[in-house]
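Trainee: Before we look at anything in detail, could you show me how to read strand pairing and burial in a model like this?

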Amino acid sequence: MTIQRRTLLSAAAAAPLAGGLPGRARAQANTIKIGVLTDMSGLYRDLAGPGSLRAVQMAVQESGITQRGINVEVVSADHQNRPDVGSTVARQWIDRDGVDVLIDVPTSSVALAVNNITREKNKVMLNSGAASSDLTGSACTPNTIHWTYDTWMLSSSTGGAMVRAGGQSWFFITADYAFGHALERDASEFVRGAGGRVVGSVRTPFPGTTDFSSFLLQAQASRAQVVGLANAGGDTINTIKQAAEFGLTRGGRTKLAGLLVFITDVHSLGLQTAQGLVLTETFYWDLNDKTRGFSTRLALPGGAKPSMVQAGCYSSVLHYLKAVAEMGVPAAKASGADAVAKMKAMPTEDDAFGAGSIRADGRKIHPSYLFEVKPPSESRGAWDYYKLLSTTPADQAFRPIAQGGCALVR
C-alpha cells in the first residue's frame with residue numbers, strides 16, 4: 001500500500017503551525033483534508049492515478065480558497081483495485097489522519113466499500129473513477145456524489161447506438177466484479193429493450209487477466225453480431241488488441257462495442273487498431289475552448305491529455321471547495337452529509353464540464369457525447385482521436401431519478 005502526501009497551506013497558517021499545540025490545533029480546525037484514493041500502479045493508472053492527483057491539486061490552486069485563509073492538505077494512496085486495501089486506507093485516513101473527503105476511487109467494488117465507510121463516518125466521497133450506477137441507486141447515501149459517468153449512461157449511449165446500427169445479437173465479455181456486472185446488466189436491458197437479444201456472456205477474473213483468447217473464442221463461437229466489452233482500462237486494451245489478432249471483426253459481420261473506453265485506452269491502442277470504435281465520454285479535451293484551456297493548464301507529463309476521470313476529479317473538488325467556502329470549514333468538517341447537501345443546492349460550473357447540477361440521489365448531471373475514433377488519415381496530430389457523432393443533453397444522459405431506487409428520493 002503506497003501513501004503519498006502533498007500539503008498546500010495558506011501563508012497565513014504557516015506561522016501557527018510552527019508554534020505550540022494551541023496554534024497547531026487552530027490550524028487543523030481550519031484545514032480541509034482531501035484524500036485521493038486511486039489506482040497508482042495497476043490497469044487504471046493511466047486513466048486515473050497520478051493524473052487524478054494532479055487534477056485535484058490544480059483544483060485546490062484554482063479555487064482561490066487558500067487566499068481566504070483556509071488551508072487544504074491533499075494526500076493520496078494506491079488502493080490496488082482491492083476493496084480490502086481501499087477500506088483500510090479510508091478508515092485510517094478518517095480515524096487517524098482526519099481526512100474529510102475522499103476523491104476518485106476507481107474500481108466499483110472499492111467504491112461501494114468506501115461508500116459505506118464515508119456514510120458510517122459522516123464524511124464525503126466524490127466519486128469520479130467508478131462506474132456502477134448502484135452508487136446513485138440501491139447503494140446511494142447522503143454522503144456520496146457520483147460525478148463523471150456511470151454504467152446506465154454508457155449503456156444507453158454506446159449500447160443504444162450499436163443496436164440502432166443493426167447490432168441485434170450480443171455476447172458480453174465481462175470483468176468479474178461489481179463494475180462489470182453492473183455494465184453488463186444495464187447494457188443487456190438496453191439491448192433487449194431495443195428489440196435485440198443477448199446470446200451469451202463470459203466473466204473474466206479481475207484483476208490480473210491478460211490473456212483473453214479463450215473468452216474471445218467463446219464470443220466468436222456465439223456468432224453474435226456485437227461483442228460487448230464490459231471491462232475497462234488495461235483489460236479493454238488487451239481485449240481489443242487480441243480481438244484484432246484473432247481477426248474477430250474481419251469481414252465486418254462482428255463488431256466490438258467498447259462500453260467503457262477512455263482516451264488513454266485509444267492512445268495505447270493507436271489509431272490503426274482503434275479506428276472506427278464507437279464510445280461514450282462526458283469529457284474530451286478538444287470539445288471547446290474551455291476544455292482545451294483546462295487540459296493545457298493541467299499539463300500532464302509527455303503532453304498527455306486528461307481522461308474524463310481526471311477531469312471529474314478536478315471538477316468535483318472545485319465544487320466541493322466552493323461549498324466549503326460558503327458554509328465554513330467547521331460546518332463542512334462536522335458533517336459530510338451537510339457538505340454534500342450544500343453541493344447539491346449549488347449549480348456547478350467549470351471549464352471541464354461547463355454548467356451542471358447535482359440531483360437528490362447524488363448523480364452529477366451533464367451532457368454525454370458519442371464519439372467515433374478517427375482513422376489515422378483524419379487525425380491532425382497527437383491526441384486528435386475523436387469525431388463527435390451525437391450529444392445527449394444533460395437531462396437525458398443519465399437514468400431518470402425515479403428509476404434508480406435511491407432511498408433519498410421521495
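**Strand pairing and a buried threonine**

Mentor: In this predicted model, β15 and strand β16 (residues 386–392) pair in the antiparallel sense over six bridges.

Trainee: Which residue of β16 is the bridge partner of Leu370?

Mentor: The partner of Leu370 in β16 is Ser390. As a general idea to keep in mind while following such pairs, side chains in a regular strand alternate between the two faces of the sheet.

Trainee: Which strand do four bridges join to β15?

Mentor: That is strand β11 (residues 278–281), and β11 and β15 run antiparallel. Within this pairing, Glu281 stands opposite Tyr369 of β15.

Trainee: Why is strand β15 described as largely enclosed by the rest of the structure?

Mentor: A residue counts as buried when its relative accessible area is under 20%. In strand β15 (residues 368–373), five of the six residues are buried, so the strand is largely enclosed by the rest of the structure.

Trainee: Let us turn to a loop residue: is Thr141 buried or exposed?

Mentor: Thr141, which is found in the loop between β5 (124–127) and β6 (144–146), counts as buried because its relative accessibility is 2%.

Trainee: Which backbone nitrogens lie 3.0 Å and 3.4 Å from a polar atom of the side chain of Thr141?

Mentor: The backbone nitrogen of Asn143 lies at 3.0 Å from a polar atom of that side chain, while for the backbone nitrogen of Thr144 the distance is 3.4 Å. Leaving aside residues up to four places away in sequence, Thr141 touches Asn115, Arg119 and Leu408.

Note on methods
Residues numbered from 1 in each chain as written. Predicted model: local features only at pLDDT ≥ 70, side-chain atom pairs only at ≥ 80, totals over all residues. Heavy atoms only, no water. Buried < 20%, exposed > 50% of the residue type's maximum accessible area, 1.4 Å probe, protein only. Helix = DSSP H or I, 4+ residues; strand = E, 2+ residues; numbered from the N terminus. Pairing = 2+ DSSP bridges. Polar contact = N/O pair within 3.5 Å; in protein donor to acceptor, adjacent residues only side chain to side chain. Contact = heavy atoms within 4.5 Å.
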